[in-house]
Amino acid sequence: MSKQLIESDPFGPIQPGPQSVSLSAHGIRKSFAGKEVLRGISLELRQGEHVAVIGPSGSGKSTFIRCLNLLETPDEGSIEVSGQRVFSAGDALRESQARALRLRVGMVFQSFNLFATYTALENVSLAQRFSLGRTKHEADERSEQLLRRVGLEQHMHKHPSQLSGGQQQRVAIARALALDPQVMLFDEPTSAADRVAFIAEGEVQEIGTPAEVFGSPKNERTRRFVDAVSGEL
Amino acid sequence: MDSFFTIIVDLLPGFWLTLRMAAASAVVGIPLGFLAGLVLTSRRKLFRYPVIVLVEIFRGFPALLTLYLLYFGLERIVLIEMFTAVVIAFGVTAGAYSAEIFRAAITSVPRGQLEAATALALPRARIVWSIVLPHVLRIAVPPIIGIVILVFQGTALAYAIGAKELLGSAFSTGIMTGSLFPQLIAAAVLYLLVTVALTGLERVAARRAARIAGSSAPMTRRALVIAET
Amino acid sequence: MQWQLLPAAVMMTVLIWLGALAVSILLSIPLTLLRRSRFGFARAVGAIWATLARGIPPIVWLILLYFGVASGLLKDVPAVSAIVGLGLVNSAYVSDSIRAGLDSVPTGQWEAIRATGLPRAVGLVRVILPQAFPIMLASTAAYSITLLKNTALASIIGANELIFFISNSVQQGADPLPAFLLAGVIYMVFTVPVGFFARWIEGRSVIAMVR
């Protein structure tokens with residue numbers, strides 16, 4: 001995964017090249033109850049790029065990601081998808097606009113948020129049918145395809161409560177992919193990983209659950225890395 | 001002494017009236033309760049407050065009083081016949097109790113699922129129909145069955161206004177033939193059978209709700225007990 | 001309307017209510033012990049008791065006791081049949097409240113009692129009950145609201161409580177609508193505060209558990 005840090009003003013010259021920009025956000029500001037959480041964030045996502053947003057807890061990472069699909073409405077700033085302006089703070093936001101954006105920007109939640117009363121297959125098909133207008137047949141076919149690709153063929157007709165955390169995450173990913181979005185947002189994906197391995201200088205320094213490795217690392221190097229990333233140093 | 005079987009058979013017309021009264025009251029009351037519960041989730045005080053007052057009134061009045069109010073209380077204004085009075089009285093009582101149940105069920109839909117539905121660009125109406133409603137139904141069904149049981153047992157009160165439902169027929173037959181105790185026992189048995197059957201249904205529904213709706217279900221159960229009374 | 005008789009009628013309502021509440025609390029103790037007994041037979045007896053108490057409508061119980069059993073005080077004083085009948089019915093609900101309260105205490109507490117060598121009885125009284133009590137209280141208070149409203153049934157067997165008084169007044173010529181509404185208001189004067197009390201206790205106990 002390539003790493004790019006968020007800067008608080010538009011970063012330097014845009015690299016010229018054949019890559020087109022899938023998503024760009026400019027000058028996003030957001031306050032909650034008088035407290036400014038996002039102070040003018042800009043980001044450009046190029047096609048095929050994976051951008052990891054990292055930062056200390058409380059830095060506004062989740063809030064920023066949620067602004068990108070308008071689960072939170074920025075107080076200031078604008079968002080463009082494939083060069084088309086889809087959001088401008090200050091303009092009234094219609095539900096149809098927001099929905100159009102969300103069809104292009106998919107999201108996988110930290111707690112997956114699968115629909116508890118539906119099977120895995122139905123979870124993946126629901127939005128295909130009622131957001132995209134595909135027929136039940138088309139939707140189910142595509143859902144089966146996606147679920148097979150993530151290795152959940154045997155579990156298609158199970159309810160989320162019958163699936164493990166890792167399986168639920170895969171259903172959540174399939175569900176978001178089913179709408180063929182141009183951009184995928186993942187909120188805290190590693191917290192759901194079964195295990196995390198920290199590798200430095202060609203060796204595994206530490207391996208364990210996310211809580212162990214990020215929360216209470218045993219290895220000195222791991223601890224320094226985690227501290228540096230979370231701004232404790 | 002008539003055989004137990006004959007007693008039961010003679011009570012069947014009364015039993016049938018009881019069942020019809022209970023069913024009609026439930027059909028009136030539960031949708032009413034759903035609408036009330038819906039209004040109770042609204043943010044507009046203008047909508048909520050009148051409903052809160054009505055709910056408190058019909059939960060605060062004994063069902064018998066509500067029945068008397070409709071059958072005798074309105075005598076000088078409009079005459080309501082027996083069956084209608086029973087259905088309206090128990091209907092609004094059931095509605096008042098189920099309002100709180102539906103309100104709790106509607107607000108218990110996990111926020112995360114609503115956010116996910118929004119993130120998937122589902123239209124608002126579809127979110128209500130496909131996400132909110134199924135969850136509400138699964139959570140609300142067990143305590144609503146509890147309300148149905150209360151309504152069913154409540155119809156016995158119609159005896160006080162002279163209706164010839166189960167209790168009424170058992171009593172009058174018993175007085176006339178001097179066999180009051182056996183008649184009452186037979187009626188009690190019939191009430192018991194239906195109640196036990198409905199309670200079993202309630203438990204099955206509760207298991208299904210807990211299984212599918214996940215952890216939100218048990219938390220509301222105690223609050224619903226308080227709400228039911 | 002003979003207003004001077006109203007207070008006595010309200011007193012009778014309260015008497016039947018508190019009497020039945022006392023009876024139900026007293027009866028709930030053996031019932032709970034039966035239902036949580038090690039012996040299958042005892043548990044079966046408890047289950048049958050609870051099923052009968054809840055499966056037969058309260059009014060049927062009252063009529064059974066007053067007209068059916070009809071011996072001694074049960075026959076002479078309708079209020080006694082009401083107290084016994086409603087007390088019996090409510091005992092099942094109070095027993096449920098006790099169980100809910102006990103079940104709400106984390107199992108770790110029972111283990112801690114055993115681990116520290118505390119005698120079971122002492123542990124029950126000094127460790128478990130204080131934690132179980134708020135839930136038991138909230139639940140019992142909630143059910144007692146239903147109990148209060150059920151005292152109206154006593155009017156059907158002739159006890160001179162509120163509804164009986166109001167019905168008689170109406171029969172003797174009082175304007176029915178205001179009369180019945182007045183009765184309703186009087187009930188609410190009792191049920192609404194008790195309702196708030198029950199919800200308040202429940203709210204506090206949840207905070208205690210989360211802590």
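This is a predicted model: local features need pLDDT of at least 70, side-chain atom pairs count only at pLDDT 80 or more; totals for chains, interfaces and linings use all residues.
How many residues does the contact take from chain B and from chain A? The points below answer this and then look at chain B itself.

1. **Chain A with chain B.** The contact takes 20 residues from chain A and 21 residues from chain B. On the chain B side, three helices each supply at least two residues: H5 (111-119), H6 (124-154) and H8 (180-213). H6(B) gives the most, with seven residues. By class, the side of chain B that touches chain A divides into ten nonpolar, six polar and five charged residues.

2. **Chain B with chain C.** Here the contact takes 31 residues from chain B and 35 residues from chain C. On the chain C side, the elements that give two or more residues are helices H2 (40-55), H3 (58-69), H7 (120-150), H8 (162-171) and H9 (176-210). H9(C) provides the largest share, twelve residues. The side of chain C that touches chain B has 24 nonpolar residues, eight polar and three charged.

3. **Make-up of chain B.** What secondary structure does chain B have? It comes to nine helices and zero strands. Along the sequence, the pattern is α-α-α-α-α-α-α-α-α.

4. **Extent and burial of chain B.** The C-alpha trace of chain B spans about 70 × 45 × 25 Å along its principal axes. Chain B has 229 residues, and buried residues make up 52% of them.

5. **Contacts along chain B.** Take the contacts in chain B with a separation of 6 or more. Residues 24 or more positions apart account for 78% of those contacts.

6. **Helix H5 of chain B.** Which residues of H5(B) are buried? They are B:Gln113, B:Ala116, B:Ala117, B:Thr118 and B:Ala119. These buried residues pack against elements of two chains: helix H2 (95-104) and strand E5 (105-108) of chain A, together with H6 of chain B. H5(B) is also among the helices that supply at least two residues to the side of chain B that touches chain A.

7. **A helix rule to keep in mind.** An α-helix has 3.6 residues a turn, so residues three or four places apart point the same way.

Key:
Residues are numbered from 1 along each chain as its sequence is written. Chains are lettered from A and ligands numbered from 1 in the order in which they are written. Two residues are in contact if their C-beta atoms, placed from the backbone, lie within 7 Å. Helices (H or I, at least four residues) and strands (E, at least two) are DSSP runs, numbered from the N terminus. Ala, Val, Leu, Ile, Met, Phe, Trp, Tyr, Cys and Pro count as nonpolar, Asp, Glu, Lys and Arg as charged, and the others, Gly among them, as polar. A residue is buried if 20 or more other C-beta atoms lie within 10 Å of its own, exposed if 12 or fewer, and partly exposed in between; C-beta atoms are placed from the backbone.
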